[in-house]
Amino acid sequence: MTKMTLASYPHMLGFEQLERLLERTAKSGNEGYPPFNIEQTSEFSYRITLAVAGFSENDLSITVEDRQLVIRGRQTDDSEGRVFLHRGIAARQFQRSFVLAEGVDVGEAVMENGLLHLDLSREKTPTVVQTINIKKG
């Protein structure tokens, strides 16, 4: 059985980068923490919401590099000197990655009631029609 790739389709030219993005996305972890929502807030904007209860703004970092949005959380363990009879809330770390399409920009990030909201916008690209002249050879 042969592996089907975008290169297998002769009419799809220049999509090698898309194939690399799909492979990179598939390799990123499929863990379920923290849970998140993605909603479309208008025709050209989105909002990612992560449930980050117990994290402060200083425990979180948000970076965009090579069209990949990475959200990291690292809590400090403040249990020194405390005696727990039961410990069900652990200080955890996480990393969530989202691959962004070209033209998608990350805007504002807001913490509200244990939820981290990230607003993204996509620029409207005009339809371009180009006529190619044929030269006599």
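Helices (H or I, at least four residues) and strands (E, at least two) are DSSP runs, numbered from the N terminus. In these terms, Arg96 lies in strand β5. The structure is a predicted model, in which local features need pLDDT of at least 70, side-chain atom pairs count only at pLDDT 80 or more, and totals for chains, interfaces and linings use all residues. Residues are numbered from 1 along each chain as its sequence is written, and side-chain values use heavy atoms, with hydrogens and water left out.

**The nonpolar core**

A nonpolar core is a set of buried Ala, Val, Leu, Ile, Met, Phe, Trp, Tyr and Cys residues joined through side-chain atoms within 4.5 Å. Buried denotes under 20% relative accessible area, exposed over 50%, and partly exposed the range in between (1.4 Å probe, protein chains only). The largest such core has 14 residues, of which Ile48, Leu50, Val52, Ile71, Phe94 and Leu118 touch the most other members. Two or more residues are given to this core by each of β2 (45–51), β4 (68–74), β5 (93–99) and β7 (115–122). The largest share, 3 residues, comes from β7. In soluble globular proteins, nonpolar side chains tend to be buried together.

Contact is defined by heavy atoms within 4.5 Å. With neighbours within four places in sequence set aside, Leu118 is in contact with Tyr46, Arg47, Ile48, Leu50, Ile62, Ile71, Val106, Glu108 and Ala109.

**Buried polar and charged residues**

Arg96 has a relative accessible area of 11% and is therefore classed as buried. Beyond residues up to four places away in sequence, Arg96 touches Glu31, Gly32, Tyr33, Pro34, Phe36, Leu50, Leu69, Val70 and Ile71.

Gln68, in strand β4, is buried because its relative accessible area is 14%. Ser45, in strand β2, is likewise buried, at 15%. Apart from neighbours within four places in sequence, Ser45 is in contact with Glu39, Gln40, Leu120 and Ser121. The C-alpha atoms of Ser45 and Asp105 are 9.3 Å apart, with a sequence separation of 60 residues.

The table lists polar contacts of these residues. A polar contact is a pair of N or O atoms within 3.5 Å; within protein, one must be able to donate a hydrogen and the other to accept it, and residues adjacent in sequence count only if both atoms are side-chain atoms.

| Side chain | Partner | Distance |
|---|---|---|
| Gln68 | Ser97, side chain | 3.4 Å |
| Ser45 | Thr41, side chain | 2.7 Å |
| Ser45 | Ser42, side chain | 2.6 Å |

**Exposed positions**

Ala53 is placed in the loop between β2 and β3 (60–65). This residue is exposed, since its relative accessible area is 60%. Ala53 and Gly114 are 61 residues apart in sequence, yet their C-alpha atoms are 4.2 Å apart. Excluding residues up to four places away in sequence, Ala53 touches Gln75 and Gly114.

Leu22 belongs to helix α1 (residues 16–27) and is exposed, with a relative accessible area of 53%. Together with Tyr9, Met12, Phe15 and Leu18, Leu22 forms a nonpolar surface patch with about 450 Å² of accessible area. Patches are made of residues with over 30% relative accessible area and no salt bridge; like charges are joined within 9 Å, and nonpolar side chains (Val, Leu, Ile, Met, Phe, Trp, Tyr) within 5 Å. A salt bridge is a side-chain nitrogen of Lys or Arg within 4 Å of a carboxyl oxygen of Asp or Glu. Accessible areas come from the Shrake-Rupley method with a 1.4 Å probe, and for residues only the protein chains shown count as cover.
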